[in-house]
Amino acid sequence: MSEQTVAAPAPVRARPVRRRPKLGSVAVTAGLILGAIVVLAPFLWMFSTSMRPAQQAYALPPSWIPTDLNPDNYLAALDGPVPLVRNAVNSLVIALATTAGVLVTSSMAGYAFAKLRFRFKGALFALLLAALMFPIQVTIVPLFTMMRSLDLINNPLSLILPSTFSALGVFLLRQLFTSVPDELIEAARIDGAREWTIFRRIALPLARPAMAALGIITFLLSWNSYFAPLVFLTRLETATLPLALVILLGPYRAGNPAIVMAATTMAIVPALLAFLFGQRWIVETLSRSGTKG
């Protein structure tokens, strides 16, 4: 009797099920795209205006795309009566010095509030958080009186010294140091390590992402600061870049808008690069700051 081999049926491949996007996700995506357009529109308008001739800068109704490109506006901004290069150097020096001071003081104070025991610790931290609610306009008069008594008006130190302590920086780093296991700190103390050694060799390496984010935030705030430099720096050669942009616009807004927009475009490049470089650390630090504490 001959055996008949029955061929096995070929496996049927299941067709991938195409899931239709939910209405909620589509609405969220559309909202994000709309928000991105709203945020990017002023920057696109600024760059477009910086490339226009002077006569087109005042044209009504305005157009988004200039018909005649004029990149000489950037050279005119640099060679104008306002020393933008020197003002940019002033802003850079103040921003870097302020950032370094904030990183030093905030890391030490944050570690002390997180891992050390001392009297009135809770009250002092509550007082620190209360300082976040007061804007600089509240303390500008005593600060100006103090800096004038120290003969620091029109001196970068008048902006650097008051800004070396940041309540926000102490809060962020305190939250990060709180997440460090106490067993790790106690093991180092049992091995004979002192607090400075623990802080320098254990706590600081773990806080590098948060310190990078804090440094970028501090740099951006100092670079874009306008009110405090307006009060403490009254000379053109000591002014920062935001003050120089207002001076470049001229009295009664009589300056060339195209040249002002060209200078503004150059002014935001360092801040934009700093934010794009450190946005991952900024988001991570701000998200971790509320997880424990």
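**Chatting about some helices**

Q: Where does Leu272 lie?
A: Leu272 lies in helix 14, residues 257-288. Helices here are DSSP runs (H or I, at least four residues), numbered from the N terminus. By the way, this is a predicted model, so local features need pLDDT of at least 70, side-chain atom pairs count only at pLDDT 80 or more, and totals for chains, interfaces and linings use all residues. Residues are numbered from 1 along each chain as its sequence is written, and side-chain values use heavy atoms, with hydrogens and water left out.

Q: How far apart are the C-alpha atoms of Leu272 and Leu220?
A: They're separated by 8.9 Å, and the two residues are 52 apart along the chain.

Q: New topic: why is helix 13 largely enclosed?
A: Seven of the nine residues of helix 13 (residues 241-249) are buried, so the rest of the structure largely encloses it.

Q: Which ones are buried in helix 13?
A: Leu241, Pro242, Leu243, Ala244, Leu245, Leu248 and Leu249.

Q: And what follows helix 13?
A: Gly250, with a positive phi near 90°.

How values were computed:
Buried means under 20% relative accessible area, exposed over 50%, partly exposed in between (1.4 Å probe, protein chains only). Helices (H or I, at least four residues) and strands (E, at least two) are DSSP runs, numbered from the N terminus.
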